Amino acid sequence: MKIVYDSLHSNYRPTKEIDNGRFIENPEKPERIDAIKEAMILHGFDNLTPPGKFPANYVYMVHEESYVEWLKAKSSSTPENEEYILEVFGYDMCFDTGTPILHNTFETAKRAVDVTLTAASIVESGTDTVYALVRPPGHHATRNLCGGYCYFNNAAIAANYLIKRGTDRIVILDLDFHHGNGTQEIFYNTDLVYYISIHGDPKIFYPWISGKESEVGEGPGEGFNLNLPLPPHANWERYSEALSYAVREIRDYYPDVLIISLGFDTHKEDPVGKFDLEDEDYARIAKQISKLKLPTLVVQEGGYNPKSNASAAVNFFSSFE
Ligand SMILES: [Zn+2]
């Protein structure tokens with residue numbers, strides 16, 4: 001299995017965010033991805049591929065021009081070793097106070113898009129499973145707002161890329177602990193992408209603004225959005241019910257390509273997410289999904305404990321093929 005990876009992300013190190021009016025440590029750090037990379041190599045997944053370069057128009061097809069230009073300008077005007085954090089809602093193009101802009105935010109987020117598009121192009125060329133091991137993550141980024149440590153929606157841009165190049169039916173299965181409000185919003189009015197998400201109930205958990213079962217899509221997109229929220233401390237028994245349902249939906253829909261937005265913040269040792277999944281549960285998840293035998297692009301999203309990220313990833317991919 002090819003892993004598309006680029007070390008540029010390790011220069012990207014946000015340090016803080018505002019939570020309830022106080023500065024706290026930002027958990028979106030290079031170690032969360034590099035721990036996965038090291039563990040994967042150690043377990044024989046050593047086919048690391050560097051990204052190619054893709055034109056910016058793939059970003060503009062998903063994100064509004066005014067937002068992309070804002071992110072570029074904000075990044076370049078932020079001095080090195082400083083972080084711009086939105087403090088007043090509605091004033092800038094970010095929907096929370098947890099997503100700082102650094103001098104290299106634009107550059108790093110664009111490179112994450114290139115990593116994901118490289119992986120998408122490998123799937124397109126007929127390879128079964130490819131892993132885009134990226135950060136910053138993407139699934140919270142909307143058409144015109146950053147948020148939830150996300151700037152460009154990597155999975156959505158990859159889906160759009162595949163559609164533009166002739167793929168008819170795509171499912172994005174979002175397994176991050178948090179609802180992918182950005183991905184849902186981007187495809188809410190279209191039947192080109194079926195978005196399915198298993199996540200912590202948004203009545204209690206971030207991003208609060210979306211992720212309810214009643215959100216089923218609109219217009220031509222009606223019936224192409226499925227939310228499966230779960231209560232806090234959902235363990236394998238509870239989680240597997242939702243997963244089986246999602247897998248049946250995917251099997252019945254039978255997409256040409258499956259994109260998995262994979263977050264390991266569902267692990268019980270994760271400091272941010274609040275589910276109780278254990279290492280071996282990621283092997284069980286992978287076994288269920290790989291039975292579908294679909295060309296699959298796995299895109300890394302959240303997961304904030306480097307150690308549990310590493311063991312979850314090894315368990316997942318060892319059981320996938
Ligand atoms: Zn998450």
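Student: Where does Thr78 lie?

Tutor: First, keep in mind that this is a predicted model. Thr78 sits in a loop, with α3 (65–77) on one side and α4 (105–124) on the other.

Student: Is Thr78 buried or exposed?

Tutor: Look at relative accessibility. Buried means under 20%. Thr78 has 8% relative accessibility, so Thr78 counts as buried.

Student: Which residues does Thr78 touch, leaving out those up to four places away in sequence?

Tutor: Touching is judged by heavy atoms within 4.5 Å. On that basis Thr78 touches Glu83, Tyr84, Ile101, Leu102 and His103.

Student: How many residues apart in sequence are Thr78 and Ile41, and how many Å apart in space?

Tutor: Check both separations. Thr78 and Ile41 are 37 residues apart in sequence. Their C-alpha atoms are 36 Å apart in space.

Student: Now the whole chain. How many helices and strands are there?

Tutor: The chain has 9 helices and 10 strands.

Student: What share of the residues is buried?

Tutor: Of the 321 residues in the chain, 62% are buried.

Student: What share of contacts with a separation of 6 or more joins residues 24 or more positions apart?

Tutor: In this chain, 76% of those contacts do.

How values were computed: Residues are numbered from 1 along each chain as its sequence is written. This is a predicted model: local features need pLDDT of at least 70, side-chain atom pairs count only at pLDDT 80 or more; totals for chains, interfaces and linings use all residues. Side-chain values use heavy atoms; hydrogens and water are left out. Helices (H or I, at least four residues) and strands (E, at least two) are DSSP runs, numbered from the N terminus. Buried means under 20% relative accessible area, exposed over 50%, partly exposed in between (1.4 Å probe, protein chains only).
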